[in-house]
Number of protein chains: 2
Amino acid sequence: MNNLLKYIDSLTPFSERSWELLQLALTKQEFKKNEFLLKEGQVCDSLFYIDKGFCKSYYDIDGVVKNTGFFFENEIATNIISFGSGERSEFNLVACEQLSTIIFDKEKLFLAAKETPEIETLGRNCIRLFAAKQEEFSKLFKLYSAQQRLEYLETKHPEILQRVSLAQLASFLGVARETLSRIRRRRRTS
Amino acid sequence: MNNLLKYIDSLTPFSERSWELLQLALTKQEFKKNEFLLKEGQVCDSLFYIDKGFCKSYYDIDGVVKNTGFFFENEIATNIISFGSGERSEFNLVACEQLSTIIFDKEKLFLAAKETPEIETLGRNCIRLFAAKQEEFSKLFKLYSAQQRLEYLETKHPEILQRVSLAQLASFLGVARETLSRIRRRRRTS
DNA sequence: TTTAACCGGTGACATTCGTCACAAAATCAG
DNA sequence: CTGATTTTGTGACGAATGTCACCGGTTAAA
């Protein structure tokens, strides 16, 4: 819980009482590699704070896996559309390696938020960070070529390159695995 | 202010007192076509509720305009990254036609939110909707071809096609104007 | 009315990318 | 250590896209 406390403190002032109330909504949970945090078709009623390990979000489009996000330590993973609206999730969340999370239960979280506005503010800030991350990555696709997207990740998010296989990365970059190989080769030889 | 009231009511329960407090943070503002709501390099300290007309967000990449979003009546337009973090905006917001907005001033909004948790909750829900829209559109680029992206807009967001020129739309879809022409022709002839 | 500006379409051509097939290298399990 | 599996690289080829040039139709301004 220690990492989580630091994470919260970095977002908003938080009293002892708020922390005690919040803990009523929290559960530690471990996932094995390839275990699902959220499956397509389920309603997402949790926020997953990542304590150790990482997971990814992906769509299964006619049997083809399309990675759309990676979530590492000290981040929140969730389906914000499903969590907010109660609709079924269109994508999956799956552990990429042994994963330790702290789950925020939606219902209990809302109950706790009624008791203190600090929890409401925390929620707003979590969503804000989540939205900022969304915007950052969607920008890549709207503005840049595959090669430029790779270069952006290399400078701004090297942790992804270090921990994710090239096939996984290619899917995330929105190109075929072969295209990513060629981009890398072009740069080696020039 | 009537449209805004309905918008708020659709998001969260709102007392008379909350509405009166919120109004302290609100200002009506008109923009002429091609007038800027937010310029690249500025810090965004407003949420723009769109009452009438529409605007767009775009990046200027080495002199090339890349449209990234359109915002119509009954939506909030802003730069969520800049608004939340205080960093400078990397993109522009500009009126595409005569535009009537109601501006939420960030500083005054935070003051009002301290008085009542209903405003805090409203803020959380506005951000949530904004994040959901981000995710919806970024999904298009990660999963679909240009033609599929067009088809998605035609079925899910026909208002965009009705009000935006093909050149603007092509930029938003992330393809050259000519490519959009060819997609349209392919479908006519097949 | 005339002229200019804008909008949408299209042809030509080079480039890039996806797909399929296969091979080399790295990793893992027994 | 060894064989199997996974990961990565690459060649061939067709399809899709970007770029440039130009045209006709519409709209708006002079």
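**Note on the chain A–chain B interface**

1. Between chain A and chain B, 10 residue pairs are in polar contact, both residues at pLDDT 80 or more (a pair of N or O atoms within 3.5 Å; within protein, one able to donate a hydrogen and the other to accept it, with residues adjacent in sequence counted only if both atoms are side-chain atoms). The model is predicted: local features need pLDDT of at least 70, side-chain atom pairs count only at pLDDT 80 or more, and totals for chains, interfaces and linings use all residues. Side-chain values use heavy atoms, without hydrogens and water, and residues are numbered from 1 along each chain as its sequence is written.

2. The rule finds 4 salt bridges across this interface (a side-chain nitrogen of Lys or Arg within 4 Å of a carboxyl oxygen of Asp or Glu). E90(A) forms a salt bridge with K139(B), with 3.0 Å between the closest N and O atoms.

3. On the side of chain A that touches chain B, α5(A) gives the largest share, 17 residues (helices are DSSP runs of H or I, at least four residues). By class, that side has 12 nonpolar, 8 polar and 9 charged residues (Ala, Val, Leu, Ile, Met, Phe, Trp, Tyr, Cys and Pro are nonpolar; Asp, Glu, Lys and Arg charged; the others, Gly among them, polar).

4. Contact (heavy atoms within 4.5 Å) joins 29 residues of chain A with 29 residues of chain B. The buried area is about 3,100 Å², 64% of it from carbon and sulfur atoms (accessible area, 1.4 Å probe, that two parts lose on being put together, summed over both). R124(A), E135(A) and K142(A) supply 23% of the area that chain A buries against chain B, more than any other three residues.

Notes. Chains lettered and ligands numbered in written order. Helix = DSSP H or I, 4+ residues; strand = E, 2+ residues; numbered from the N terminus.
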